[in-house]
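Take a look at it first, then read on.

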Amino acid sequence: MNKTLKVILNILIGIAALGCLVFFIEYAGSVKYAHREIEDPSISAMQVFDYEVSHKAYGELVSGYFSDRISDFDAPAGEEILYATAEYANRSFLSKAYEEQGNAEKIASCEAKKAELREKLGDYDFAADEIDAILN
Amino acid sequence: MLCKKCGKPIKIEARFCPNCGSPNELGNTHHENIVTYDRQFKNTQSEVVSSTRKMWGIVIRVVILAALVVGMFVLAHLSDLNYADPDIDAIREKESLKNSEEYSEIMDQYIRDGEYQELASFVSYHNIIFLPEGYEKFDAIDRCAQAYRDCVSDLEQIVLNREAEDFFDGTETDITTFSISIRNFYDTYSVQIEREEDPFYLDRMKDMEENVRAMLKVYLGLGDEEVEEFITLSKDKMAVRVEEAITGSQAEE
């Protein structure tokens, strides 16, 4: 009886040891995954931004901006110009609607914000000119 | 006791009389009994030891098995933790409940400033849920703001892509998407305006609607009456109307 029990237990120990080995390999893989090198997302975001700006696709830019803000409300490091350009486009777009309404207060607020954003654009200042040209 | 032969006193366990040397029967019997008991004791002891050893073999195996099973579970759990990304939405939702007073002030400021897209993005980012203990008062206006943001963003996509030939095809998805979002805005607006009890928020929701009307006039070139008619159309009819407006304006250009 005891011998049979021992044999059964030995078999179970063998299976469990094998299981442990498998789970250990899985665990080692998970550690590697957890410490994997992740490419800085701002690099690809700025590459897309450059592509969109070079094609004057400011609509895509603004659309992406609103989607991005669901995960990053404020501009992540390295994407400040992207956010500023998209916000500039958004403000310019709204400004035209406020002009239609004749709402001087909102227009003034929009224009002040646009001026502030334009200063952040640096080398991408031309994008603001292009946006204004598209909307006017 | 006394020796049966010489009558001298002897100890009961003595095998022989110390005086005459004759054997003591009781002593011998006692001695044999002691030997028998000792043998039996040793047998029993060795049986117990052997049986315990056998049990120990099983116990040790059971312990090893249990340790291996626990190890498997621990390793599996650790692997899951390493593979799992943090639940950002749950973290933000928890934060939003904790900071409801501060966030409510920010949201009210956005509403006062007419920054409805900011409000919608703020709510989405912080995963704010409109519970009675927190943000319930913003429920109706946020629903409107979410629809407003989508609608404005989709119109912006069409208008601001005008010069991007690789991205913009006036008859395709952008117009369909905008038609869906503007229909959704008006459907949401008509429902939420009935729900809203705060006159200030009600006024802000009307402000959103006026902004949308102004955008339709500016960017689709619709007149007052056309806008009035446009907002009653189904999304499919809206799409046709938008396409006419966009391609018409492009042709003029």
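## Reading the model

This is a predicted model, where local features need pLDDT of at least 70, side-chain atom pairs count only at pLDDT 80 or more, and totals for chains, interfaces and linings use all residues. Residues are numbered from 1 along each chain as its sequence is written, chains are lettered from A and ligands numbered from 1 in the order in which they are written, and side-chain values use heavy atoms, leaving out hydrogens and water.

## Where the chains meet

Chain B puts 50 residues into the contact and chain A puts in 52 (contact means heavy atoms within 4.5 Å). About 4700 Å² is buried between them, with 64% of that from carbon and sulfur atoms; buried area is the accessible area (1.4 Å probe) that two parts lose on being put together, summed over both.

There are 4 salt bridges between chain B and chain A (a side-chain nitrogen of Lys or Arg within 4 Å of a carboxyl oxygen of Asp or Glu). In one of them, D207(B) pairs with K106(A), their closest N and O atoms being 2.7 Å apart.

## Cysteines

How many disulfides turn up over all chains? The search finds 0, a disulfide being a pair of cysteine sulfur atoms within 2.5 Å. For C110(A), the closest cysteine sulfur is in C151(B), 17 Å away, so that is too far for a bond. C3(B) is in no disulfide either, with the sulfur of C20(B), the nearest, 3.6 Å away.
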